[in-house]
Each structure stands twice: as C-alpha cells, then as structure tokens.
Amino acid sequence: MKSIQVGLLGIGTVGGGTFRVLQRNQAEIMRRAGRGIEIAMVAARDLDKARALVGQAAQVVGDPFAVVNHADIDIVVEVIGGTTLAKQLVLQAIANGKHVVTANKALLAEHGNEIFAAAHAKGVMVAFEGAVAVSIPIIKALREGLSGNRIEWVAGIINGTTNFILTEMRDKGLSFDAALAAAQELGYAEADPTFDIGGFDAAHKATILCSIAFGIPVQFAKAHVEGIQTLQAADIAYAFQLGYRIKLLGITKRTAAGVELRVHPTLIPAKRLLANVEGSMNGIMVKSDAAGITMYYGAGAGSEQTASAVIADLVDVTRLCSANTAQRVPHLAFQPDAMSNTPVLPMSDVVTSYYLRLNVADEAGVLANVTSILAKANISIDAVLQREADEVGGEGATQTDLIILTHDCVEARMNEALAQMQALKTVLAPIVRIRKEELA
Ligand code: NDP
Ligand code: HSE
C-alpha cells in the first residue's frame, strides 16, 4: 500500500524532532501503522536550514499554503505555533479534506470549537496528543482509557518550563532569569516565554483537559490564570517546613454548581507523588469514580519527547483514515451532539484551602485579631506557624511572619476576610495567599 503522505508545517524544535524520529523508527512505526508514513513536504522560513535537515527526503517550500493545498498530502502536521497563521492553515487543510495533527495548545484552547466543528463537518480528524504534557499520552488516557468513568477532577504539573525553573532555583540556587535562559536553551519554553511563566501555556492545556474530561466546549477565556512571577523564596521555604511543596498546577474539577478551571501556584503535600515531579517533567493526577486516582508522569517538553506524541497521532490517523467517521474517537471525547453546557465557575465560587503569610507587627493581640476575622468569616484554621521576629528580620526586629493554613472555604469569603486582615494596622505588607490542594 502507498505510504501516507505527510506535509510538515514548521521544522523547528518539534518539527525537527518529528522528522528525525520518523526517519529513525520508520520500520517499527510501519509495523504498527500498517503502512508507511512519509514526510513528503516541509514548509519552512529558512529554506537552507530546512534542506540541510531533510536532505533529499522531502520537498522544502517557503509557502505553507503550498503544503495544505497540495493534492498529494493526506495529513498536515502543524508545528509552526501561534494562533493566526496556524489557524488559517489548519482550517484550509480541513477545508481541503486533509487530516490534521497539531501540538498547538494555544490554537486549540482559543479556537478549538471552530476547528473541531469544521473537521466534524468535513469528516476529517484533528489529533492533538502533543498539545498536552507531550510524552504522556494523557489525551488518549482521558478520551479512551477512562471512558467508562465519571471524571471528578484532573490536577497536574503541565508546564515543563515553570517546573524546571522552580526546581533549578531550589536545587541549584539559580536566579529566575538564569533558570529561564536554561529552559529556553533546552527548547522547553514557548517562543514568548511569558506564556510559560504567566501560566497561560498551562491554562491552554488545562482548558483542553477540562473539555475532554467533562464534555464541555473549550473555554480558555473562562480559565483563572496565575503564573509563578510573584512567587517568593520565603513561601517556598515556609511551605517546605509545613510539609508542602509549591507547584504550578492546572486544575479542573467537577462540582455541583459547575466546573472549575484554574492555573495557579499551589501547595501540595510533600508526600504526594506529584510533589516530587521535578525539572521539566510533567505529572498529572486524574480522579474518576471507578478507576479512582490514576497518575501519569513523563517529559513535559522537548523536541523528540513531543515528536513521540505527534507520531502517535500520525499512526492513529493512518490506521483510522479509511474507517467510517462514526468509528473514530470524538475530538473532545464525547459525541458532538452530547456535549454539555455545564458552566465554568468564576474563581470567586471555587472552594479550596489556603496558605496565608502575613507580615505583622510583633505585638500582643495580633494573632487574636487575625483569627477573629477568619472565625467571623467561618473559615476554619488548619495550622499556624509564627516565626520569632529576630529569625525573620534579624536581631531587634519588630515585625515577623505569621503563616496560616486554612481548611476549605469558598474563595469569595476568603477575599472578604483578606481585605479585612489587610486593613489591620498591624499587618505591615501585602498578604501572600497561595491556594492549597490535598489531592487526596
Ligand atoms: P519553534 O519556534 O522551534 O518552531 C517553529 C517553526 O515554525 C520554526 O522553525 C519557524 O521557522 C517555523 N515557521 C514559523 N512561521 C513559519 C511560516 N510562515 N512558514 C514556515 N515555517 C514557519 O517552535 P516549537 O517547535 O517549539 O513549537 C511548535 C509548536 O509546538 C507550538 O505550537 C508549541 O506550542 C508546540 N509545542 C512545543 C513543545 C516544545 O517542547 N517545544 C512541546 C509541545 C508543544 P523559523 O525558525 O524560521 O522562525
Ligand atoms: N513550553 C511548554 C512547556 C512546552 O514548557 O511545558 C510543552 O508544551
């Protein structure tokens, strides 16, 4: 049988890895797919660089539309990135009846509904395993492996760059900037690294996980997003003393009122496996009613690591492209006419527990005032750590840190209590609030 013809859009970190791994493992991949998978065309900006990479194996062109419009191309692999040109190319490929494989989470989180609707109407597949936690087959696990379950929550370290930065800062004492430069050098970071540091990349991925876990449309605009920019070394150290680690988590949870979708630094118990996911590795926990908690671990970024997912999609599409469309796995796991309109909740409705650090005057009654505000707000305290003033500010210091861990409460109530505590004259600096999840 003739090899399936692939058009590769972009031959950078992911495109280059995909080309290399496909060549290296060609025979093994063919044994699995049942026919050859051949990259026949490559679109690149730097044609000389691309030709040096692919040699005579594929035609290199400067115009990516020449690839998506070419009659011989069966599958288009979009690894250019971004949401403007990539969207035009993907929609054009679909309109031309071509299947699409993409690792572009930004594109799917922001325009997935339109893209999947177009693909459904045209009867083609859009596969995206590389878009979330690259070497971990989490899309397959949620869409297929756990399809007998009612999923309750998904929580994960789903950005390799920020996990790498946090680990390097803690283990090697690197500055934030030095750790970020190392992540960029290793090809982990997005073209614009604020996507990573600001939590947006993780939110793109959490948005996709949310949709396939709960069968709702992709709704990136409703995700609550906080990054690691404002995280302070003091809080990492206090969390450690209290038996926790701080990780940037993507969390999506089903509740009676709707679905939570949030990304923020989070305290998690040090004894959880997830707390020990270090460097650029990713880890994802899924809680579902029948399987219970399952956990997935693997590289979260990188050239061949992402190629592994892209090629798995190529194999899937190759196997299924001649199958009846009804036999294919729906893009968002649930049949398009069975999607639900369960709302994504505003952050004020989220229920979670908290780590609070208050820099306070070291005088009588301060703790009582703070705990009285929490008690009036019906927020229950789990633990309190009060540091000696001279340990925090040196000998003779008159201020100290008060750390409070709370039990669960609704965020709106915590916001009100925080405003009252912040107004106390004895609270001397902006209160640090980090959310905490027990993941039990
Ligand atoms: P790179 O920047 O390394 O690669 C993108 C490539 O696309 C570059 O070679 C670039 O060319 C090329 N390109 C850009 N515009 C055009 C154009 N108009 N025509 C032809 N080629 C073009 O990015 P990555 O490979 O890292 O990322 C690609 C996608 O994969 C992104 O969506 C990213 O989010 C996603 N991804 C990345 C992962 C990673 O670990 N890096 C992991 C998972 C997903 P030039 O070099 O000339 O600019
Ligand atoms: N920039 C992303 C990360 C790449 O660091 O996780 C993988 O999606």
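Reply: A residue counts as near a molecule if one of its heavy atoms lies within 4 Å of it. In this predicted model, 24 residues surround ligand 1, and the closest of them are T13, V14, R45, E190 and G302. Sorted by kind, the residues of this shell divide into eleven nonpolar, nine polar and four charged.

Some of the surrounding residues can be followed down to single atoms. R45 places a polar side-chain atom 2.6 Å from an oxygen atom of ligand 1, while the side chain of E190 has an N or O atom that lies 2.7 Å from an oxygen atom of the ligand. At G12 the backbone takes part, with one of its polar atoms 3.3 Å from an oxygen atom of ligand 1. On its own, ligand 1 has 890 Å² of accessible area, and the protein covers 81% of it.

The space that ligand 1 takes is the largest pocket. The largest cavity has a volume of about 70 Å³, and its lining, to which α8 (160-172) and β9 (244-254) each supply at least two residues, divides into three nonpolar, one polar and four charged residues. The second largest cavity holds about 50 Å³ of space; α7 gives the most to its lining, with four residues, and the lining as a whole divides into three nonpolar, no polar and six charged residues.

Terms used. Residues numbered from 1 in each chain as written. Chains lettered and ligands numbered in written order. Predicted model: local features only at pLDDT ≥ 70, side-chain atom pairs only at ≥ 80, totals over all residues. Heavy atoms only, no water. Polar contact = N/O pair within 3.5 Å; in protein donor to acceptor, adjacent residues only side chain to side chain. Areas by Shrake-Rupley, 256 points an atom, 1.4 Å probe, with all protein chains shown as cover. 1 Å grid on protein atoms, 1.4 Å probe; cavity = no way out; pocket = protein on both sides within 12 Å on 5 of 7 lines; lining within 4 Å. Sits in = over half its atoms within 2 Å of the grid points. Nonpolar A, V, L, I, M, F, W, Y, C, P; charged D, E, K, R; others polar. Points joined across faces, edges and corners; volume = space filled by probe spheres on them.
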